[in-house]
Amino acid sequence: MACDIVQWSWTQARSEGGDHKIFVDLTIASFFNGGPGPEYSNVSQRVRHSLKFFATMNIGKDSELIYNSDMSTTDWKKVGL
């Protein structure tokens, strides 16, 4: 791994009003890059509580996967940290 795994972790509730848990992404999503804003994203979640991602446009071969990580707000206090 090229960077600290903490950079790939966040807190999220899996349902509306559910308890927040700590998540670490070691799936294909760890290859996502961040963009300067949501208008640059080509990958997103259908709903805020989902861990499933989809393409928001056609993504060409050798193109970067760009995700707006601001969609998932990390709140360490909600998991006791």
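The paragraphs below go through this predicted model from its overall make-up to a few individual residues.

The protein chain has 81 residues, and 25% of them count as buried. Its secondary structure comes to zero helices and six strands, so that, read from the N terminus, the order of elements is β-β-β-β-β-β. Among the contacts in the protein chain with a separation of 6 or more, 49% are accounted for by residues 24 or more positions apart.

Strand 1 and strand 2 run antiparallel to each other and are paired over five bridges, and together they form a hairpin in which six residues lie between the two strands. Within the turn of this hairpin, Gly17 has a positive phi of about 80°. Which residue of strand 2 is the bridge partner of Trp10? The partner is Phe23, and the relation between these two residues extends to their side chains, since Trp10 and Phe23 also form an aromatic pair, with 5.8 Å from centre to centre and 20° between the planes. The pair counts as stacked because its planes are under 30 degrees apart. A search of the whole structure finds one aromatic pair. Because Trp10 lies in strand 1 (residues 9–13) and Phe23 in strand 2 (residues 20–24), the pair ties together parts that are 13 residues apart in sequence. Both Trp10 and Phe23 are buried.

The loop between strand 1 and strand 2 also holds Asp19, which is exposed, with a relative accessible area of 60%. When neighbours within four places in sequence are left aside, Asp19 is in contact with Gln12, Ala13 and Arg14. The C-alpha atom of Asp19 is also separated by 7.8 Å from that of Lys78, although the two residues are 59 residues apart along the chain.

Ile22, Val24, Leu26 and Trp76 make a nonpolar surface patch of about 360 Å². One of these residues, Leu26, is found in the loop between strand 2 and strand 3 (33–34), and at 55% relative accessibility Leu26 counts as exposed, because the cut-off for that class is over 50%.

Not counting residues up to four places away in sequence, Ser41 touches Thr56, Met57, Ile66, Tyr67 and Asn68.

Asp62, by comparison, lies in the loop between strand 5 (53–55) and strand 6 (66–67), and Asp62 is exposed, with a relative accessible area of 75%. The backbone of this residue also deserves a look. Most residues other than glycine have a negative phi. Asp62, however, has a phi near 70°, a positive value in a residue other than glycine.

Terms used
Residues numbered from 1 in each chain as written. Heavy atoms only, no water. Helix = DSSP H or I, 4+ residues; strand = E, 2+ residues; numbered from the N terminus. Buried < 20%, exposed > 50% of the residue type's maximum accessible area, 1.4 Å probe, protein only. Phe/Tyr/Trp six-rings, centres within 6.5 Å; stacked < 30°, edge-to-face > 60°. Patch = residues over 30% accessible without salt bridge, like charges linked within 9 Å, V, L, I, M, F, W, Y side chains within 5 Å. Areas by Shrake-Rupley, 256 points an atom, 1.4 Å probe, with all protein chains shown as cover. Salt bridge = Lys/Arg side-chain N within 4 Å of Asp/Glu carboxyl O. Pairing = 2+ DSSP bridges. Contact = heavy atoms within 4.5 Å.
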